Amino acid sequence: MGRRIGVRDPRTGRTDETLACADAAEVRAAAARARAAQPSWLALGVTGRVAALRAFRDALAERAGPMVAALVRDTGRLPVSRLEVDSVLASLDRWCGRAPDLLADAGTVPTSMPGIALRQGPLPYPLAGVISPWNFPLLLAMIDAVPGLLAGSAVMIKPSEITPRFASVLRDCVATVPRLDGVLTVIDGDGATGAAVVDTADLICFTGSVRTGRAVGAAAAARFIPAFLELGGKDPAIVCEDADLDRAAQAVLYGGTVNTGHSCMSIERVYVAEPVFAEFVDLLVGRARKVGLAYPEAADGELGPVISAAQVGIIEEQLADAAARGASVRCGGEIRTLGGGAYLEPTVLTGVDHTMKVMREETFGPVLPVMPFADADEAVALANDSEYGLSAAVFAATTEAALAVGERLEAGGISVNDASLTGFVQDGEKNAFKASGLGGSRMGAASIRRFQRQRSFLIRSPEDKAPWWFD
Ligand code: NAD
């Protein structure tokens, strides 16, 4: 067994558990078991795999209570933990419903060359490694694992060492489904364990920071294995002059503060048409003041503690930088230590510009800096002035007007007259732009194809009597 590291409780700030990190030899042993189990998993066919994942879904539904409790210990927040479990159950239902069609055999079809037929025979990568972050521990562990399993790959999940408690409940669910034995492995550990997974798997799905994503991408490239990288964001929202300001304020507030702002599709910058700027800020601040902290009990309010101790420092640094450069705090603005946990009320800043870290770097906290714009060209230029390109939101009086602005944004998922919808609606295909990621869409039908190597069988019929080669 490898090293042991401490695990902190975000509600108390105390390190009260330890985690045994799997070393490279343990990762290789688990990978060997997975590779041994994968051929019979593939041989089950999509119907058999759907049946196994439906059984897994039922096991998770039966253990929803212990799973939510573990997620509350990991993250310190209750309603979002329930939402995570419900989302994963819904996602299992959706994938199990769609997989038979998506993986249906296309049969043998004619080609452009007379006498030659084509049969596609996709073959899954044997072992997919899934490396996940701490902000939605269960959701982001399963988001790639489910399509990967349905495609016929074995999957090894390496959750974040900051939120590892849910993993034992997940292993309990797997243990109830004999077909998943060896096929779905959840392995504990930190960055070194993650690096060992990258050294061992045949394909990597990584969700996390740009910094780690670069290292994972480089390590995967050195091994010539595909790496699907889902990284950070600095999502803009644009509020046009004719938008319904109250609805926009409500959606921006939710999108910017849900899960304490610990969300890759969190709204982190707000651009508002100059003539309605003051009115929008008043509406936003009025609503923000009503959002409560989940303290002293996890069930008390909407905003849980800042989950990661390192994130506390990042948020504080950005707020201090903004204040030093002349930003005004309209509400919130101060991280408070309550019962040992670090809490921040929804924070609205004005007087901001793009020299400030809070407008350029990922905050990953409930902070909404709001800036006016003169016209649509300026709004688009400001929104695109970022190294990130994950998601965005546009609000206008009509769908067409909002789409006209949205079409010009460099981002893969754009909510129109709402915010952060990509977290909830996973039907559409989307790519991460710029430093926000690399690789095929994790959402929509294309997601499942990421796990397949495509093969073409080019078939000459024995009856074909066309002139033969060099005849
Ligand atoms: P992180 O990069 O610090 O860690 C992510 C995971 O990588 C952890 O499991 C960690 O143990 C592992 N890891 C660390 N070093 C590694 C290495 N060298 N090789 C392999 N694995 C390694 O990220 P985090 O702080 O846990 O998560 C927050 C980040 O995740 C934010 O930037 C956020 O925007 C991003 N995120 C992106 C999405 C998305 O869909 N694009 C979703 C959620 C979170």
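The shell around the ligand comprises, by class, 12 nonpolar, 10 polar and six charged residues; here Ala, Val, Leu, Ile, Met, Phe, Trp, Tyr, Cys and Pro are counted as nonpolar, Asp, Glu, Lys and Arg as charged, and the others, Gly among them, as polar. The model is a predicted one, in which local features need pLDDT of at least 70 and side-chain atom pairs count only at pLDDT 80 or more, while totals for chains, interfaces and linings use all residues. Residues are numbered from 1 along each chain as its sequence is written, and side-chain values use heavy atoms, with hydrogens and water left out.

Let us begin with the ligand. Of the 28 residues around the ligand, those that come nearest are Lys158, Glu161, Ser209, Thr212 and Glu362; a residue is near when one of its heavy atoms lies within 4 Å of the molecule. A polar side-chain atom of glutamate 362 is found 2.5 Å from an oxygen atom of the ligand. For lysine 158, the distance from an N or O atom of the side chain to an oxygen atom of the ligand is 2.7 Å, and for tryptophan 134 the corresponding value is 2.9 Å. Of the 860 Å² of accessible area that the ligand has on its own, the protein covers 86% (Shrake-Rupley method, 1.4 Å probe; for residues, only the protein chains shown count as cover). Helix 8 (191-200), strand 9 (203-207) and helix 9 (210-223) are the elements that give two or more residues to the shell, and helix 8 provides the largest share, with three residues. Helices (H or I, at least four residues) and strands (E, at least two) are DSSP runs, numbered from the N terminus.

The protein is divided into domain 1 (4-231 + 436-456) and domain 2 (235-423), with bounds from an automatic or database domain assignment. Each of these domains supplies at least three residues to the shell around the ligand. Taken over C-alpha atoms, the domain centres are separated by 30 Å. Across the two, 23 residues of domain 1 are in contact (heavy atoms within 4.5 Å) with 29 residues of domain 2.

Threonine 363 lies in the loop between helix 13 and strand 17 (367-373), and counts as buried because its relative accessibility is 2%; buried means under 20% relative accessible area, exposed over 50%, and partly exposed in between (1.4 Å probe, protein chains only). Its side chain makes a polar contact with that of glutamine 318 (2.6 Å), where a polar contact is a pair of N or O atoms within 3.5 Å; within protein, one must be able to donate a hydrogen and the other to accept it, and residues adjacent in sequence count only if both atoms are side-chain atoms. Beyond neighbours within four places in sequence, threonine 363 is in contact with residues including Lys234, Glu268 and Gln311. Histidine 354 sits in the loop between strand 16 (347-350) and helix 13 and is buried at 12% relative accessibility. The side chains of histidine 354 and aspartate 385 form a polar contact (2.7 Å).

Alanine 432, in the loop between strand 20 (413-416) and strand 21 (433-434), is buried, with a relative accessible area of 15%. Proline 467, by contrast, is exposed at 71% and is found in the segment after strand 24 (456-460).
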